[in-house]
Amino acid sequence: MRMFVSILIVLVSACVQGSEGTEAEAEEAGQMVDVFSFETGEIQPVERLELSEEEWREKLTAEQYRIIREKKTERSFSGQYVDHNERGLYRCAACGNDLFLSDKKYDSGCGWPSFFQPIDSQNVAMTPDFSLGMRRVELQCARCSAHLGHVFPDGPKPTGQRYCVNSASLAFDPVK
Ligand SMILES: [Zn+2]
């Protein structure tokens with residue numbers, strides 16, 4: 001009986017370890033991410049978009065690649081959405097993830113499209129950026145890690161934040 005119990009324990013622990021291993025692997029692969037969908041109005045899981053650099057080069061224009069993958073910045077006042085005031089939804093140019101609504105866009109005068117709030121905090125990721133000898137907060141797409149721009153604490157109320165985004169990182173869908 002004691003031996004049977006021992007075997008049972010070994011078997012059970014093997015099963016537990018097995019399932020833990022699988023979950024850990026799935027998590028590590030990071031294939032799903034929860035983001036807000038403008039279309040459904042709900043937070044829902046979507047597949048992360050991970051491509052090789054070669055695939056990104058094919059998918060994006062040269063200017064988009066330079067900004068989205070190499071984290072460069074377009075010239076101020078050069079982007080197509082700086083003075084764009086149409087009503088609608090700004091999405092990630094690389095993966096289509098919903099990012100900003102036009103009613104959260106404002107004229108900051110800085111030369112890049114500026115928003116005081118993303119469509120949902122789940123849809124973007126913010127990381128410290130110490131490049132170019134500055135202390136900044138980098139803004140990325142939560143689904144594909146596209147470089148979008150930077151966040152500065154000089155925005156208008158109610159958030160006081162300025163999400164300063166490259167036009168090249170954005171795609172626009174008009175909303176009636
Ligand atoms: Zn994206």
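In this report, helices and strands are DSSP runs, helices of at least four residues and strands of at least two, numbered from the N terminus. On that basis, the protein contains three helices and 11 strands. The model is predicted.

## Overall organisation

Read from the N terminus, the elements follow the order α-β-β-α-α-β-β-β-β-β-β-β-β-β. The protein has 176 residues, of which 26% are buried. Among contacts between residues at least 6 apart in sequence, 54% join residues at least 24 apart.

The mean pLDDT of the protein is 89, and 83% of the residues reach 70 or more. Where pLDDT is low, the predicted coordinates should not be read in detail.

Strand 3, residues 88–92, is joined to strand 11 by five bridges. Within this antiparallel arrangement, Gly88 stands opposite Pro174 of strand 11. Three bridges join strand 3 to strand 4, again in antiparallel fashion, and here Arg91 stands opposite Asp98 of strand 4. Strand 3 and strand 4 also form a hairpin with five residues between them. In the turn of this hairpin, Gly96 has a positive phi of about 85°.

Another open sheet is formed by six strands in the order 5-6-10-9-8-7, and its pairing is antiparallel. The edge strands are strand 5 (105–106) and strand 7, each of which pairs on one side only.

Strand 8 is joined to strand 7 by six bridges and to strand 9 by four bridges. Both pairs run antiparallel. Ala125 has Gln140 in strand 8 as its bridge partner, while Glu138 stands opposite His150 in strand 9. Strand 7 and strand 8 form a hairpin with six residues between them, and Leu132 lies in the turn.

| Strand pair | Bridges | Direction |
|---|---|---|
| Strand 3 and strand 11 | Five bridges | Antiparallel |
| Strand 3 and strand 4 | Three bridges | Antiparallel |
| Strand 7 and strand 8 | Six bridges | Antiparallel |
| Strand 8 and strand 9 | Four bridges | Antiparallel |

In soluble globular proteins, nonpolar side chains tend to be buried together. The largest nonpolar core of this protein has 28 residues, and those touching the most other members are Cys92, Ala94, Leu99, Cys141, Ala146 and Val165. Two or more residues each are given to this core by strand 1 (32–37), helix 3 (62–68), strand 3, strand 4, strand 8, strand 9 and strand 10. Strand 10 supplies the largest share, three residues.

Cys141 illustrates how this core is connected. Leaving aside residues up to four places away in sequence, Cys141 touches Cys92, Ala94, Cys95, Asn97, Leu99, Val124, Ala146 and Leu148. Among these partners, Cys92, Ala94, Leu99 and Ala146 are also listed with Cys141 as core residues touching the most other members.

## Backbone features in the loops

Leu132 is found in the loop between strand 7 (124–129) and strand 8 (136–141). Its phi is near 60°, a positive value in a residue other than glycine. Leu132 has 7 other C-beta atoms within 10 Å and is therefore exposed, the cut-off being 12 or fewer.

Ser145 lies in the loop between strand 8 and strand 9. Its phi, near 65°, is likewise positive in a residue other than glycine. With 18 other C-beta atoms within 10 Å, Ser145 is partly exposed, because a residue counts as buried if 20 or more lie within that distance.

A further loop connects strand 9 (147–152) and strand 10 (162–165), and Pro158 is found there. The peptide bond joining Lys157 and Pro158 is cis, with omega about 5°.

Note on methods
Residues are numbered from 1 along each chain as its sequence is written. This is a predicted model: local features need pLDDT of at least 70, side-chain atom pairs count only at pLDDT 80 or more; totals for chains, interfaces and linings use all residues. Two residues are in contact if their C-beta atoms, placed from the backbone, lie within 7 Å. Two strands pair if DSSP finds at least two bridges between them. A nonpolar core is a set of buried Ala, Val, Leu, Ile, Met, Phe, Trp, Tyr and Cys residues joined through C-beta atoms within 7 Å. pLDDT is the predictor's confidence in each residue, from 0 to 100.
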